[in-house]
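I want to get my bearings here before anything else.

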Amino acid sequence: MQTKSILLLIGGALGLFVLGLLVPEWLSYLMIIAMGKGIVVLGVVLLMRAGLVSFGQGLYYCIGAYVAGTLTQFAGISDVLLILLASIAASVLVAALVGLLLCRYRGIFFAMFSMAFSMILYGLLVRSSVLGSTDGFNVLRPSLLGWVPSDDASSDLVLAVAVVMVMILGSLMWLYFRSLSGYAGEAVRENEIRVEYLGTSVFRIIYTKYLIAAALAGIGGTVTALVSGHVDPEMAYWTTSGEFVFIALMGGTSHVAAPMVGAGLFELLRTYAFAIAPYTWQMILGSTLLLIIIFLPSGLWSLVSRFSRQARG
Amino acid sequence: MRLDSLKPLSLACAVAAGTLVTSVQAAEEYKLGLVTFLSGAASGPFGIPAKNAADLVIDAINDGTLPAPISGKGIDGRQIKPIYVDEAGGATKQTAEYRNLVDREGVDSIVGYISSGDCLAIPPVAEELKTLTVLFDCGTPRVFEEGDYKYVFRSHSTASMDNIAAARYINETVDSLKSISGINQNYSWGHDSWRDFTETLKVLRSGDIEITTEQFPKLFAGQYGAEISALMVKPADVVHTSFWGGDTDALVLQAAARGLLEDNQMIFTAGETALNSLGEHLPDGVIIGARGPFGPFAPESELNTWFQSEFTKRFGTPPTYPAYHMAQAVIGLKLAYDKAGADATTEQVIDAFEYMEFEGPGGKVSMNRGKGHQAATEMVYGRLTRSNGEIGFTDVRRYAADCVNPPEGAITEEWIKAGMPGAKCD
Amino acid sequence: MSALLETRNLERSFGAVTAAVDINVSINAGEVVGVIGSNGAGKTTFINMVTGYLKPSAGEILVDGRSIVGLQPRAVVRAGVGRSFQVAQLFPELSVLDNVLVALGLSVDRKLTLLRPLHSQKRRRKALEILAEYEIAGHADEVVATLPQGVRKLLDIAMAMLSSPRLMLLDEPTSGVAIEDKFALMETVMNRVRKSNAATLFVEHDMDVVQRYADRVLAFYDGRILADGTTAKVLSDPKVQELVVGHHLDIEVDSADAYESTVVPMEVRNA
Amino acid sequence: MTRHVGRAELSLCSLLRAFGAKVWDVVMTQLLAIIIDGVVYASWLFIIAAGLTLIYGVMRILNMAHGSFYAIGAYAGAGMVGWYFSTGSVPWLSFAVLIGAALIAGLFIGLLIERGLLRFMYGRNEVVMILVTYAILLILEDAIKLIWGVEPYFAYQPYSLLGRTKLAGLSFANYDFMLIVVSTLIGLALWYGLNRTRNGKLLRVVIHDREIAQALGINVSRIFTITFLIGAGLGALAGALTAPGLSVVPGIGIEVIVLAFAVVVIGGLGSVSGALVGALIVGLARAAAVHLYPEVELFVIYAVMGLVLAIRPQGLFAVASARKI
């Protein structure tokens, strides 16, 4: 069974990559943005399955983006692998510190506290004129192991990076969700006292999940920064984190692909809402979220699994 | 990863590709992307007035009713079809929307961008997609100081001009000037304005100036009670602010109610947008700027008279500087096309636009900075007076473009600190 | 050889209220101790203190002579003291099988690996075996939230037993279970516990159950230990009958096979 | 030599004394300014936060759309006051018009949302409810724009009507002092309502335990509707009272939400007295920051919120409920 799903995985990756090349430029750009956000939402879903809703993933999303920005702009490092490693390291380092305090909280307090941390980072960045304050600054073209792509090829490089990241992280998380430590999150959500009396530290389970979610958000931030070519403190603002939770709920939390689908449809919905109703696009987004929460509480993914179940008979 | 998980993604792409087909046929129109704030706090004072100005000028260009010397109908002989996009959502969103405009809507060029963050994020994308883009309102000097772009123009001068001229104005007109204080919004625009203002003043007075307090309330805070008290506790001869839009209204109302405006000489570097709504609350003697020769400071010209009367007739309020900025950008674009001749390629229009001089509603605009891509105009300040309810200005001083704009190739901050070498002021 | 569990003048008070005081108990390997006492007599407080859920205000708790005061519950469990709960602590949204699989993973495998899937064939078989031992294998695929009380209690105890504790504290295992199922449930539990030769301490209100299964009885009253001795001696003590049991019990003392013969006639039970 | 030194010494110490006096004078006025500004800002915050925390306390809904109630109150109030003054009637009545219009608009929107939507979603997970109210916020923001447009609305007449007073060299608008009085009145009214009236007691029962309240035969859904209307009304009132001091423009509601969340979390979710103390803490902390270290003003609110969450997660006033096993 293992080799079959790995082949499927590589096939999926190649398919997505070719799709990204074939579709018109604006749609492939949108796909990369959606994949970047999808990776962050994967982390949000990971925490949601452990009963925690983070309104502060923007903190690591912004860290990942600023690492990409500072390395390419100020440190002259443009190798995409180095940037990804640095952004994972930075996100996990900050999460290791913040998590010590944050992972003791649950429910609304976890949501509010995580938002407070991301707003503190927002305040720091607005204050720092070196990093361009609210205007932010541009991210230069990435390179790969010395190969510096020409202008058009650079967006293909970022597309490849995004696709590879989505596939690797997607499959890792797919395995993780099926594994024991994946279920440990649901156990903590269901009953912390039973988990404690099974001889395991609840804090350690939540803490490791928080670090993983932070790393995912950092990678997502880096991908978005590389493709959009600009970073600003807005990425740490509470509305950005709110958007991730919006997408997580929209997609659903029952499968690894749900966040990707959620992010893709969200970007498409917003783009067309912008085009159709420049004045009232917020109303379209708001009503869509409301309809999904009321009629599809487990997210759009429940539609897909329902079809596939019917398909399989 | 089961195969069916990819089904929804391909479903979404098919839907999107389908819509692409419809937008290709209508080629004989000149599609102009227009990006301004249509939602959020910046839409009221900037976004919508700019959109209105664009509608007005585009209709006039299409009908050929703009006063001489502008002639011909439409741009490059084609009727202009504006496509509006809301500038909300931050720089990442706007780079996506920019690509949508170029790729999906197939626009010929784009005029837009009020927020400086967007003005830094868009140019690299414009270069990549080789699309003529005119920035019409953002003030950060960093656009052409940190990079040079072939496809990007900015049809108005940077915000540094406002604050350099402000420092010169109060240095010349406020006698026994010893101390200044400032209240600016806590974001790039506010920081840069305060820095340019104080650095220029230090240079002009060779350091003989004291800063009593510098306040940086949050953008759109709306409540300035504590800041006004801080300005009162440590009074200064002149209080500087680069507030704009709703924040200006809130500051003026709360300061007026507490007498801050009477007791202190205040200078609003971007105060002109508040004139129509709050004129009566501003006491005589308040120094007002309009980010250039716009509104009441616009020099007499047939174009300006036409613009003032038509705008007021159609939208009920006289045009403020964002409207002037938009009109200047669209007219500049049209003149560049006229100068480049019929069926000119984008590159030919760019060559025509570089180093071009033209008459906008606010007078002469010369594109002689940033290798021909950045405009420089004169700057005007004046003191508010009221004669029988009509708003007027005394002590109006006009500063030539080369007096208050850093020369070609100079970095603003360093140019000021170096004593503004090469500034030609009569 | 020191006792398996020993408490020395253990005490706990919540502000002015002393929930338990002067608790001196020692339990050796293999013993089966019944704990009786009215509500609020300090039984659950005692269990909560021993298992680390409540920090004692004073006193010492020793397991094999080593102090476990101040340890987190998970450390107490690893020290060999398991417990079940009055209100069964389960994972409501998961199925009975998944409850055991997760419990197996967390308490037995201990290595929270990334790749080993929870639902491997080998692990499913082992989980079904465990469920069979508690005779609830039939409910394997039902979601816990829909289970009857008896099955919930058995699952709770099954999960606690996974860490093969040397001392098992059962907090009212039969409470909330229909009268006719009480003995069946206790029979299953006690057989399983005896097989693992763990010492057991169970809190029980039904004196028939206490008589049937307990070698020794601890009687709690008003936060203190009123009596501690063989079942027959404690239950026949008039003070215990008056303050704890609440009515007269007709018990032969010191007969060798006290258990089987003296099933108390109906009318006395509900007098 | 010494005489010469003496004169130098003399001038030095007189300089110090004069400087000391001047510094002392500035410090005292600064302290006074911090307290007054802090209390004025706190009373503004309290009116906003009171409604928010009440709704959470009873209905376990952290209502993001509270920002829209605030904006609707401001627009309704400013719109009516603008019209009222155009009719040139007695200026003093404008306060009644301001508050009346806002309350009507607030209660209407509150009823519409509670009966129309929230009624079907009670008991849902708290965080899902945050997102439901976030969706309502998005819808209302555009609805406001469709009804009132993007042009700024003004109701400045009441603001300057009450004149100003001079205190130790600083002059303050009397309107702000009126705001303190109104906020205290609202606090007292809420306290009296919650503690001294029958409905108030019922409300508090529902705050503590909804199931038991239902078991006791309390018509919980009626209590929910009343609470939501009070909360919406308070939000709209806060907007109306703020309108005179600024121009009512799109997006003013968004800025207020996170501020109100910080106050409510510091004070303790669901506790009205907690909202008062939370407002005072945030108000004074922000005023001190503005006067002493202007650049930290942006953080101070989130730093205080983080600090309180670290020390007392359930907030200063709410009771920590240990889980019974």
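I call a residue buried if 20 or more other C-beta atoms lie within 10 Å of its own, exposed if 12 or fewer, and partly exposed in between, with C-beta atoms placed from the backbone. By that count, 54% of the 325 residues of chain D are buried. For chain B I get 60% of 426 residues.

Ground rules, noted for later: this is a predicted model, where local features need pLDDT of at least 70 and side-chain atom pairs count only at pLDDT 80 or more, while totals for chains, interfaces and linings use all residues. Residues are numbered from 1 along each chain as its sequence is written, and chains are lettered from A and ligands numbered from 1 in the order in which they are written.

Chain D next. I looked up its secondary structure and found twelve helices and two strands (DSSP runs numbered from the N terminus: helices are H or I, at least four residues; strands are E, at least two). Along the sequence I read α-α-α-α-α-β-β-α-α-α-α-α-α-α.

Then the strands of chain D: strand 1 (residues 164-167) and strand 2 (residues 170-173) run antiparallel, joined by four bridges; pairing takes at least two DSSP bridges. I see Leu167(D) opposite Leu170(D). The two strands make a hairpin with two residues between them, and Ala168(D) in the turn has a positive phi of about 45°.

Back to chain B: I list 16 helices and 15 strands. Its C-alpha trace spans about 70 × 60 × 45 Å along the principal axes.
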